[in-house]
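Let's take a friendly walk through this fold, one piece at a time. Keep the viewer open as you read.

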Amino acid sequence: MNPFAQHPVIEDYNLIKRYFREYETSHSKNRMQDFRKFARMIQDAGYQVAFDFVGSVNFGQADTNSDVDFVLYLACEKSYRGECDETHCRTRHQIENLLIRTLIREYVVRPYEIQVVDCLNLNLLDAELERGDAMSPALFRFAFYRSICRCVNARVLKPYLNRLMANPPLVEGLRSELAAVFDGLNRWSPHSISFSKYKSRLEDLGVRIPDSMLEKIRSHLAFGKDHMGEGI
Ligand SMILES: [Zn+2]
């Protein structure tokens, strides 16, 4: 289930991704395995958690030195229903620093860095799905990440994704937001993929996609074109 499946840029992105995944590195496989284990342990510690990987793990191209970049899904404490606050959220601090970083040190032979590129509060997703507003930045990011990323513990996200997909007008509304964002971008032409324009459009829409994420998408699209030509 991919809310933005039909959009040409998303299609291209996923084509490139599938291509690279056929040549998945052992480091990528190991990192996925690590995070499946971490998800179970974090869950045993009493937290709801899921990961959407971006960058090298998403593309199956992690090497020894690759960081692991991901979107972190969690339920902020006290049923807080706003955007997760990086500096004050104790749940996020527990999961990110006390659990993941500790688990990496303890269980991984060659430890690696992690970077949380975005954090989505499941309580907020719940509230926004209830509201059903296609202008919701949280819903847009959720639909976007679920369309391009690689998930660990998808089971946690499934009820939210089901609710989104069960509301076709909402999905349609989010898709037209995406169309506005990508408007003017030509398929397969990295020179025309102006991500600063993309970014300012997103900001106009009140949507914040992290810079690091935009940079990765841009570089992967450019890289894919250089290495694969137009013919795929
Ligand atoms: Zn939080």
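In which loop is the place of Asn153? Asn153 sits in the loop between strand 4 (150-152) and helix 7; helices (H or I, at least four residues) and strands (E, at least two) are DSSP runs, numbered from the N terminus. Before going further, note that this is a predicted model, in which local features need pLDDT of at least 70, side-chain atom pairs count only at pLDDT 80 or more, and totals for chains, interfaces and linings use all residues. Residues are numbered from 1 along each chain as its sequence is written.

Asn153 has a positive phi of about 70°, although it is not a glycine. Asn153 is buried, with 20 other C-beta atoms within 10 Å. Here a residue is buried if 20 or more other C-beta atoms lie within 10 Å of its own, exposed if 12 or fewer, and partly exposed in between, with C-beta atoms placed from the backbone. Ser79 also has a positive phi, near 50°, and is not a glycine. Ser79 lies in the loop between strand 2 (68-74) and helix 4 (90-107), and with 10 C-beta neighbours inside 10 Å it counts as exposed.

Now follow the chain into helix 7 (residues 154-165), where Leu157, Tyr160 and Leu164 are buried. They cover an arc of only 60° around the axis, so they lie on the same side of helix 7; the arc is that of the directions from the helix axis to the C-beta atoms. On the other side of helix 7, Arg155 and Asn162 are exposed.

Strand 1 (residues 49-54) and strand 2 pair in the antiparallel sense over 6 bridges, and Val49 stands opposite Leu74 in strand 2.

Finally, look at two helices. Helix 5 (residues 122-131) and helix 6 (residues 137-148) pack at an angle of about 105°, with their axes 9 Å apart; axes are lines fitted to C-alpha atoms, for helices over the stretch in contact, and angles run from 0 to 180 degrees between N-to-C directions. Helix 5 is therefore roughly perpendicular to helix 6, a label for angles of 65 to 115 degrees. The contact (C-beta atoms, placed from the backbone, within 7 Å) is made by Leu124, Leu125 and Glu128 of helix 5 and Ala138, Leu139 and Phe142 of helix 6.

Note on methods. Angles under 35 degrees count as roughly parallel, over 145 as roughly antiparallel, 65 to 115 as roughly perpendicular and the rest as oblique. Two residues are in contact if their C-beta atoms, placed from the backbone, lie within 7 Å. Two strands pair if DSSP finds at least two bridges between them.
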